[in-house]
Every structure is written in C-alpha cells, then in structure tokens.
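Please read the following account alongside the sequence and the coordinates. It goes from the whole chain to individual residues.

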Amino acid sequence: MNKSNAWRARVMTAVVASAAVYVPTTAIAQTSNDELADLVRRQAAQIERLESRIQALETDGAAASGNAGMAPQSSGVAADSSRSVVDSRQQPQSGPGATGAQTSTGSMASMQKQIDTLKQNSVQVDWKSGSPKFSSRDGEFTFQPLGRLQYDYSTTDGSRFADREIDGSEFRRLRIGFQGQLMEPILYKVEFDFAEENVGVRDAYIATKKDFALGQGVVYVGNKFADRSLDGATSSKYIWFLERNPVANAIIPESGYYNLGVTSAFYGKNNWHLSAGVSKGQLGDDNNESDNTTLISRAHFNPIATDNAMMHVGAWGFYEDFARDNIDSLTDSERFASHFNDNVRVYSDTIDEPETSTGYGVELAGLAGPVAAGAEYGRRTIDTRAGDDTDYDAYSAQIGYSLTGEQFGYSTKNGTWSAPDIANPVTDGGWGAWQVMARYDALDYDNNATFAGGTGHGTTLGVSWYLNNYTRFMLNWINWNTNNRVPIAGDPTDREFTGSDDGNTISARAQVIF
C-alpha cells in the first residue's frame with residue numbers, strides 16, 4: 001500500500017471510530033449516572049485520539065507536499081534546493097503529491113467537524129460539590145443528584161417521669177432528590193424524604209433568575225424551604241447541633257418550615273440579601289379545606305466580611321391569617337431534648353378560635369479565625385376572635401471553636417451557616433476537622449393566668465468530627481429543664497408531664513451528604 005492509500009485508511013479508521021462513540025443527546029438523557037460517567041470518559045479519550053491523529057496527518061500532509069515539489073538534486077545545486085522547497089509550497093501543486101496534500105486538507109477538515117460535533121453533544125461532569133453535576137457542553141442544561149442520610153441515637157435519664165427515660169435510634173432524615181437548570185434562566189429542584197412512615201416532599205419548585213447591577217434576583221414557585229431565622233434558614237446538613245434552637249422551632253407559622261406558594265429573593269453583591277414569600281397552606285393538605293395564608297420575609301447584612309472575619313446582622317418576620325373553617329384551636333409544643341424523645345416537651349395552653357398570628361426575630365452572629373458565635377431572639381403573638389390574645393418568646397446563644405483551625409462555614413449570600421472547608425480530610429490521611437460547641441436555649445409559653453403555658457431551659461455541649469466535606473459524626477449532651485404548668489384537659493396521654501422536671505439527654509449522629 002502506497003503512502004496516500006495508507007493515509008486514507010487512517011482517516012477512514014478515525015472517522016468510523018468517532019461515529020462509533022457518538023451518542024445523541026436523547027440517548028444520553030435515558031442512561032443512568034454510571035453510564036453517563038463512563039460515556040464521558042470514553043468520549044474524552046476518543047477526542048484525544050482524534051486530535052492526535054489530526055496532528056499526525058498534518059505532519060504527513062506537509063511531508064507529502066514537500067516531497068512533490070522537490071526534484072532530484074546534485075551536490076552542485078545545493079544552495080538552490082532550499083529555495084525550491086519554499087517556492088513549491090507557495091505555488092499550486094499538480095501530480096500525485098498535490099492530490100495527497102489536497103485530500104489531507106479536506107479530510108482533516110471533515111475530521112475536525114466530527115470532533116466539534118462530538119464535543120457539542122458530550123456531557124460534562126463536575127464533582128466539586130460531592131455529587132456529579134452533569135451539564136451540556138454549553139451549560140444550558142444541568143442535572144445533579146442530591147442525597148442526605150442522618151442516622152441518630154438518643155438516650156435520656158434523670159427525669160422524675162419514667163416515660164421520659166427512653167433510648168433508641170432513628171433515621172432523622174433520609175433524603176434523595178435532584179436539582180439543576182432546564183435552560184437559562186429556568187432552575188428546578190425536587191427532594192423526597194423517606195425517614196418518616198410516609199414519603200414526604202421537601203423542596204419542590206421551579207425558579208427563574210435574573211442578574212442586575214446590584215446582584216441577582218430569583219423567583220421560586222412551589223414548595224420552598226422558608227427563609228426564617230439564622231438557625232431556621234440554615235440547612236440541617238450544616239446546623240451546629242443535632243436539633244435547631246427553639247427560636248427556629250417554636251417561633252414559627254403553622255405552615256412550618258416550608259412555603260407552598262411564591263418566594264422571591266434578591267442576593268446583593270455586597271454581602272446582603274432580602275427575601276419575601278407568600279404561601280397558601282401546606283403540601284399534602286386536603287384541597288377541600290381552606291388553608292392559612294402566610295406572608296414571610298427575612299433580610300441580612302454583613303458589615304464585616306473578610307477572609308478571616310465576619311459579622312452578621314439579620315431580622316425576619318411573618319404574618320398569617322388563620323382559615324376560620326380549618327383551625328378551631330391550636331396548642332403549640334416544642335421538643336426540648338431530641339427529636340427521638342417526643343415526651344420531653346414544653347407545651348403552651350390551648351388557644352381557642354385563633355384569628356391571626358404575627359412573629360418576628362432578630363439575629364446577630366460573627367466569626368474570627370477558628371472562633372464563631374451567634375445569638376437569636378424571637379416572639380410570636382396570636383390574636384383570637386374572642387379577643388383573648390397571647391404571645392410567647394424564645395432566645396438562644398451559641399459559641400464554637402475549631403480545634404483543627406478551620407473556620408466555621410458561613411454563606412454571605414444567604415446569611416446562613418454552611419459547611420467548613422476541610423483542610424486535611426481523613427480520606428487523604430489527615431485528621432479531618434474537629435469542632436466543639438456550646439449553646440443555651442430558653443422557651444417561655446408562660447404568658448398570663450389565662451394562658452398557662454410551660455417553660456423550658458437547656459444547655460447543650462457538642463462536638464463535631466468532619467471526616468471530609470461529605471461525612472460528619474456528631475455528639476451532643478443536653479441538660480434540660482421543663483415546667484409545664486397545667487395538664488391539657490382531655491389529652492392526658494401526651495401532656496401528663498406537668499410540674500418541674502429535669503434530666504440529661506445524649507444524642508449522636510452519623511451523617512453523609514452529597
């Protein structure tokens with residue numbers, strides 16, 4: 001086989017190989033995550049091989065062109081031979097050498113087109129956030145699986161009530177979901193929780209975003225995690241302790257931790273944000289019943305935000321209108337030891353014919369190097385149709401220190417705690433990151449003689465060990481005191497723990513997130 005035919009064979013082999021690995025976008029969309037990852041690796045290798053062949057063909061084409069333009073030389077005309085080579089490359093060619101050069105140019109252009117098509121239809125994968133983020137070549141479409149596993153153990157002793165001294169374990173959260181972008185600027189997110197008896201839907205929304213000179217605006221439509229209080233707005237993946245503080249858990253609208261409706265947020269470029277939302281009821285409510293309407297808003301600002309220090313100032317509030325046909329009375333209560341121990345609670349009195357409710361809170365936090373601290377206060381007022389109004393409040397303060405030197409994670413965009421950056425992960429032979437924390441909580445339902453609610457106080461000491469950015473072990477010791485003033489008539493089973501009581505609860509958690 002002559003050189004021209006051998007070269008054509010190589011071109012045909014490369015084109016056939018490129019066609020063999022080319023997969024249309026619709027097929028990619030139907031494959032699993034592992035298949036997509038394998039496809040990306042094969043495509044990357046194929047692209048590298050094709051580009052190497054183009055370089056080889058360019059070299060062969062140049063050599064063929066040069067040989068065609070040179071005649072046999074004698075030693076006496078050596079000085080003119082170099083000029084002859086240069087001139088022959090600049091002039092139109094003829095003969096077999098010219099055909100090879102022209103074919104080389106056309107085939108290389110065809111092969112480059114094949115490579116461009118392959119790149120355009122290839123899937124990009126980014127592993128920076130712990131789970132693979134798949135995206136189209138132009139970044140218009142993205143898809144990222146999400147997961148959260150939190151397995152807890154809890155034991156309580158020291159109570160004067162035997163029914164409060166229980167121990168056991170549970171999957172506190174067992175979530176799976178996905179998020180991404182359908183196209184610029186449409187975002188989406190869906191999360192399911194399998195930890196309870198029934199599958200629960202958490203975040204489930206479509207959003208649109210727009211950039212402005214001062215920052216970015218986003219509008220979410222659907223079920224969205226509510227922006228309320230520092231601890232309440234922080235994801236359960238990043239809260240310091242196993243349970244959120246009573247400001248987040250007790251000063252809360254009846255709709256709970258999620259807004260089913262429309263939420264808008266503006267994230268300023270200078271370390272501030274403002275959000276506002278309106279919701280109508282809760283996901284899973286009976287559609288035949290009228291639901292509460294809730295308005296909620298939160299803002300934060302960082303007057304100090306450097307690489308080594310941060311100061312956080314925030315405030316939030318909500319208003320809810322109770323549907324007359326939906327709520328005849330309500331009783332608030334708050335777990336005060338662990339989620340597993342449902343018996344260690346602080347109860348409010350029963351409030352008949354509630355009409356509206358308002359709540360507000362203020363936040364202050366900061367960090368400097370390995371030290372971080374935060375404090376919150378919140379109050380809720382409930383107005384009734386009978387005119388017997390009541391209110392209650394809660395406050396909390398916490399401080400933490402990183403034994404291994406990493407800063408506590410914090411998001412200046414959202415004004416929430418986030419994940420620390422682990423400098424020496426265990427998976428790389430290091431010690432991971434170690435943090436120790438302390439928190440004091442107080443909740444007061446004791447408003448007046450008409451509404452004889454209970455009170456609760458607690459001190460929590462905790463330690464967190466981050467093996468890497470995705471795995472954490474937590475241990476909490478809680479010394480708590482409750483004083484439920486009166487039993488609730490007609491419901492002695494759940495609210496028989498009246499009078500002053502105290503005890504100790506130890507809780508532990510194994511967490512994996514992606």
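The model is predicted. The protein has 24 strands and seven helices. Of its 514 residues, 44% are buried. Among contacts with a separation of 6 or more, 63% are between residues 24 or more positions apart. The accessible surface amounts to about 24,900 Å², and carbon and sulfur atoms contribute 54% of that area.

The backbone comes next. Most peptide bonds are trans, and most residues other than glycine have a negative phi. The peptide bond from Glu184 to Pro185 is cis, with omega near 10°. Pro185 belongs to the loop that runs between β4 (167-183) and β5 (186-193).

Ser229 is in the loop between β7 (215-225) and α6 (230-233), while Glu353 is in the loop between β15 (351-352) and β16 (354-368). Are these residues buried or exposed, or partly exposed? Ser229 has a relative accessibility of 0% and therefore counts as buried, since the cut-off for buried is under 20%. Glu353, with a relative accessible area of 38%, is partly exposed, because this class covers values between the buried limit and the exposed limit of over 50%.

Another loop, between β2 (133-136) and β3 (142-157), contains Asp138. Which residues have polar atoms close to the Asp138 side chain in the sense of a polar contact? One is Ser136, whose side chain makes a polar contact with the side chain of Asp138 at 2.6 Å. Another is Glu140: its backbone nitrogen lies 3.0 Å from a polar atom of the Asp138 side chain. Ser122 is 16 residues from Asp138 along the chain, and the C-alpha atoms of Asp138 and Ser122 are separated by 9.9 Å.

Val219, Val221, Val262, Val278, Leu295 and Tyr319 make a nonpolar surface patch of about 450 Å². One of these residues, Val262, is located in strand β8 (residues 258-268). Val262 has a relative accessibility of 38% and so counts as partly exposed.

Key:
Residues are numbered from 1 along each chain as its sequence is written. This is a predicted model: local features need pLDDT of at least 70, side-chain atom pairs count only at pLDDT 80 or more; totals for chains, interfaces and linings use all residues. Side-chain values use heavy atoms; hydrogens and water are left out. Patches are made of residues with over 30% relative accessible area and no salt bridge: like charges are joined within 9 Å, nonpolar side chains (Val, Leu, Ile, Met, Phe, Trp, Tyr) within 5 Å. Accessible areas come from the Shrake-Rupley method with a 1.4 Å probe; for residues, only the protein chains shown count as cover. A salt bridge is a side-chain nitrogen of Lys or Arg within 4 Å of a carboxyl oxygen of Asp or Glu. Helices (H or I, at least four residues) and strands (E, at least two) are DSSP runs, numbered from the N terminus. Buried means under 20% relative accessible area, exposed over 50%, partly exposed in between (1.4 Å probe, protein chains only). Contact means heavy atoms within 4.5 Å. A polar contact is a pair of N or O atoms within 3.5 Å; within protein, one must be able to donate a hydrogen and the other to accept it, and residues adjacent in sequence count only if both atoms are side-chain atoms.
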